[in-house]
Every structure is written in C-alpha cells, then in structure tokens.
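My notes follow in the order I looked things up.

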Amino acid sequence: KDVLNIVAPYYLKEKNCSKAIRYYQRIVDLEPKNADSYAGLGYAHATCGNTDMAINHYKTALKLDAENDDAYANLGEAYEKKGMYPEALDAYTKAYRLNPDSAKAAQRIPRLNIKLIQEKAQKKSGSEK
C-alpha cells in the first residue's frame, strides 16, 4: 500500500490517467473501508475528467467518514464542474464547517452564493418578459 501511495500520485502528475486510476483502485481494493482510499480514487477520476465517477467515489468516502472535509471540498468542486451549484455550495459549506481553514471552501462559498443569486435574478427577469 505504501508503494501504491507513491506510484499512483506519480502517474496522476504525469497525466497517465489509466495507470493512476488503476493504482488508486488497487489502494481501494486493499482498504475498502478507508474513506481516504475512495477520496484518492475520486480525485484521480476528477483530475482525469471523469466527474461523475469522482462524485460517486467522494460520496462513498463520505459514507465511510462523514467528517472528511477534503472529500466534501472536492465533491463541491466536482458538482461545480457539472453546473450543480446548489449541491456544490452545500458540499463546500460542510467542508468549511468541518474545517474553517479549508481555503478551497472559504474561497468558493462566496463565489457560489453570488452565482446562485445572479442565476435567480436572471430567471426572474426572464419570466417577467
């Protein structure tokens, strides 16, 4: 497992997604009850552009550890990439409540609040025409 934890991020950094995901999956296979294993696999999928798989793995990580602020922050980022802004805001808010030092959550919460307000205003003005 220690070797896999070195090799998997290396392949991810080198943009070799198939190998990186394969090694992260092996980590999950070795530690199926470890939230960080699923969070790592989710991160690999997110980095490689498979947002849906990333979301699934982050959710699994959070089922195993509901206080994993990094998993919530990364889930928020994945939701944001899919345009699921209310879900993203919820995930970032949970990350921030668990860890007020989470820079990702602290930066994205205000931006998402503004985005949601703007979308609501656009919908309202669109329905008035």
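At what angle do helix α4 and helix α5 pack, and how far apart are their axes? I first noted what I was working with. This is a predicted model, where local features need pLDDT of at least 70, side-chain atom pairs count only at pLDDT 80 or more, and totals for chains, interfaces and linings use all residues. Residues are numbered from 1 along each chain as its sequence is written, and side-chain values use heavy atoms, with hydrogens and water left out.

**Entry 1: α4 and α5.** I found α4 (residues 51-64) and α5 (residues 69-81) packed at about 155 degrees, with axes 9 Å apart. That makes α4 roughly antiparallel to α5 (angles under 35 degrees count as roughly parallel, over 145 as roughly antiparallel, 65 to 115 as roughly perpendicular, the rest as oblique). Axes here are lines fitted to C-alpha atoms, for helices over the stretch in contact, and angles run from 0 to 180 degrees between N-to-C directions. α4 passes α5 in a left-handed crossing (the near helix is turned anticlockwise from the far one by less than a right angle; clockwise would be right-handed).

I then listed the contacts (heavy atoms within 4.5 Å). From α4, Thr-51, Ile-55, Tyr-58, Lys-59, Ala-61 and Leu-62 meet Ala-71, Tyr-72, Asn-74, Leu-75, Ala-78, Tyr-79 and Lys-81 of α5. By class, the contact of α4 with α5 has nine nonpolar, two polar and two charged residues (Ala, Val, Leu, Ile, Met, Phe, Trp, Tyr, Cys and Pro count as nonpolar, Asp, Glu, Lys and Arg as charged, the others, Gly among them, as polar).

**Entry 2: inside α4.** I checked its length. At 1.5 Å a residue, its 14 residues should span 20 Å, and the end C-alpha atoms are 20 Å apart, which agrees (the expected span is 1.5 Å times one less than the number of residues). Thr-51, Ala-54, Ile-55, His-57, Tyr-58, Ala-61 and Leu-62 of α4 are buried (under 20% relative accessible area; exposed is over 50%, partly exposed in between; 1.4 Å probe, protein chains only). Their cover includes α3 and α5. Lys-63 is also in α4, but counts as exposed at 74% relative accessibility. I looked for its distance to Lys-33, 30 residues away along the chain: their C-alpha atoms are separated by 9.8 Å.

**Entry 3: α1 and α2.** I turned to α1 (residues 4-13) and α2 (residues 17-30), which pack at about 155 degrees with axes 7 Å apart. They are therefore roughly antiparallel to each other. α1 passes α2 in a left-handed crossing. Leu-4, Asn-5, Val-7, Ala-8, Pro-9, Tyr-11 and Leu-12 in α1 meet Lys-19, Ala-20, Tyr-23, Tyr-24, Arg-26, Ile-27 and Leu-30 in α2. By class, I read 11 nonpolar, one polar and two charged residues for the contact of α1 with α2.

**Entry 4: Ser-37.** Is Ser-37 buried or exposed? I found Ser-37 in helix α3 (residues 35-47). At 4% relative accessibility, Ser-37 counts as buried. Leaving out residues up to four places away in sequence, Ser-37 touches Ile-27, Val-28 and Glu-31.

**Entry 5: whole chain.** I ended with the totals. The chain has seven helices and zero strands (DSSP runs numbered from the N terminus, helices being H or I of at least four residues and strands E of at least two). Buried residues make up 37% of its 129 residues. Its C-alpha atoms fill a box of roughly 60 × 30 × 20 Å along the principal axes.
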